[in-house]
Amino acid sequence: MDSTSSNMHAGGELEEGKPIALTPPALFEIDYIAPPTALSDYITTLYHFRCDEPHIRDIQPAAIGHLTLFPRGVGEMQFANGHADPSHETNLLTPFTVAAPFEVDGPFHSIGAVFSPLGWVALTGLDASEHCNHLYRASDWLGPEIEQMGSELCRDYRDGKASGPDLAHALCDYIAASVKPVPARHAELIKKTVAWVSSSLNPDVGELMQDANYSARQVQRLVERFFGLPPRALARKYRALRAAMLLSLPMMSDEVEAELAEAFYDQSHLIREIRLFVGRTPARLSDDASPFLSEMLAPRNLREIKLPEFGEDE
């Protein structure tokens, strides 16, 4: 499948005809830190991002939320409905329904934890459909303890007393102490929804309804509460993210190429969907100089999640 576009400008674009000039990704440094095994059901990855340019522009793909520290840099994130949220030292990035551009006055350093769907529910307990598409001050939703901890960590980082991995591990300690039990049936529905949305590029909603131990109306309501979108829209989002992941690979089999061709009406449809949910056109997805985007599209961040057993239903 030919996945080229003439609408790109310096690497990013959210809507056709509206190019966004992005900071060259070669100026980014990013390290990835494996989360502790005990938290692997809640966190997909930890990262330490640095860019020392005076002004940074990039795009966050649609994904599950992050808990992230900004010890250096102040900026804002712009969302499709026209609102913009300012950054803070300690941020709660909620699940996104579409990609969102951000701008930061640098230098910009960020240390964060990327949640799994279960991790979002267990840590925040927030209805993702009500809170999606926001960059929150973490303490507004997680309590004052995270603000004090984040402020101290950011100060120690700036003073050279703590490294990026030190901050990442401190976030893990906070998450481990703060996650709450998820009702067993809710955890099972999250597991089944992740498995369902991972089963193909165009999963049948009827299969999820059949497999879930809830009525169709309850499945619609709970999936939207946990993931931010109802099942059909969620499948559309992950179809684009998985297609982008596949197109970013250096080689693609004939079978995968055929599956992609079948999943979208035509090439224009593919390009529009990836632009909406990833913020790039397919032509830029295999750029080896885009480490942040490549990691956010890594298979482990879209993986089927093995969930632990939880307590009795509430």
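## Pocket, strands and cores

A pocket is defined on a 1 Å grid over the protein atoms alone, as an open set of points where a 1.4 Å probe fits, with protein on both sides within 12 Å along at least five of seven lines; lining residues have an atom within 4 Å of a point.

The model is predicted: local features need pLDDT of at least 70 and side-chain atom pairs count only at pLDDT 80 or more, while totals for chains, interfaces and linings use all residues. Residues are numbered from 1 along each chain as its sequence is written, and side-chain values use heavy atoms, with hydrogens and water left out.

The lining of the largest pocket comprises 14 residues, and Val-121, Gly-125, Pro-181, Pro-183 and Arg-225 lie nearest the centre. At least two lining residues come from each of α1 (117-124) and α8 (216-227), and α1 gives the most, with 4 residues. Helices (H or I, at least four residues) and strands (E, at least two) are DSSP runs, numbered from the N terminus. Because 8 of the 8 residues of α1 are buried, this helix is largely enclosed by the rest of the structure. Here, buried means under 20% relative accessible area, calculated with a 1.4 Å probe on protein chains only. Trp-120 and Val-121 are among the buried residues of α1. After α1 comes Gly-125, with a positive phi near 65°.

Strand β8 (90-93) pairs with two other strands, as tabulated below; pairing requires at least two DSSP bridges between the strands.

| Partner of β8 | Sense | Bridges | Residue pair |
|---|---|---|---|
| β6 (66-78) | antiparallel | 4 | Leu-69 and Thr-90 |
| β10 (135-137) | antiparallel | 3 | Arg-137 and Asn-91 |

Thr-90 and Leu-92 point one way from β8, Asn-91 and Leu-93 point the other way, and all are buried. In a regular strand the side chains alternate between the two faces of the sheet.

A nonpolar core is a set of buried Ala, Val, Leu, Ile, Met, Phe, Trp, Tyr and Cys residues joined through side-chain atoms within 4.5 Å. The largest such core has 69 residues, of which Ile-43, Leu-67, Phe-115, Trp-120, Tyr-174 and Ile-175 touch the most other members. Helix α9 (residues 231-248) contributes the largest share of this core, 9 residues. Another core, of 21 residues, lies apart from it and includes Cys-51, Met-77, Val-98 and Ala-240. In soluble globular proteins, nonpolar side chains tend to be buried together.

Contact means heavy atoms within 4.5 Å. Neighbours within four places in sequence aside, the contacts of Leu-67 include Asn-91, Phe-115, Tyr-174 and Ile-175.

Phe-96 occupies the loop between β8 and β9 (100-115) and is buried, with a relative accessible area of 2%. Beyond its neighbours within four places in sequence, Phe-96 is in contact with residues including Gln-60, Met-77, Phe-79, His-134 and Lys-237. Phe-96 and Leu-135 are 39 residues apart in sequence, and their C-alpha atoms are 9.9 Å apart in space.

For the protein as a whole, the secondary structure comes to 12 helices and 10 strands. Buried residues make up 55% of the 314 residues. Of the contacts between residues at least 6 apart in sequence, 75% join residues at least 24 apart.

How values were computed:
Buried < 20%, exposed > 50% of the residue type's maximum accessible area, 1.4 Å probe, protein only.
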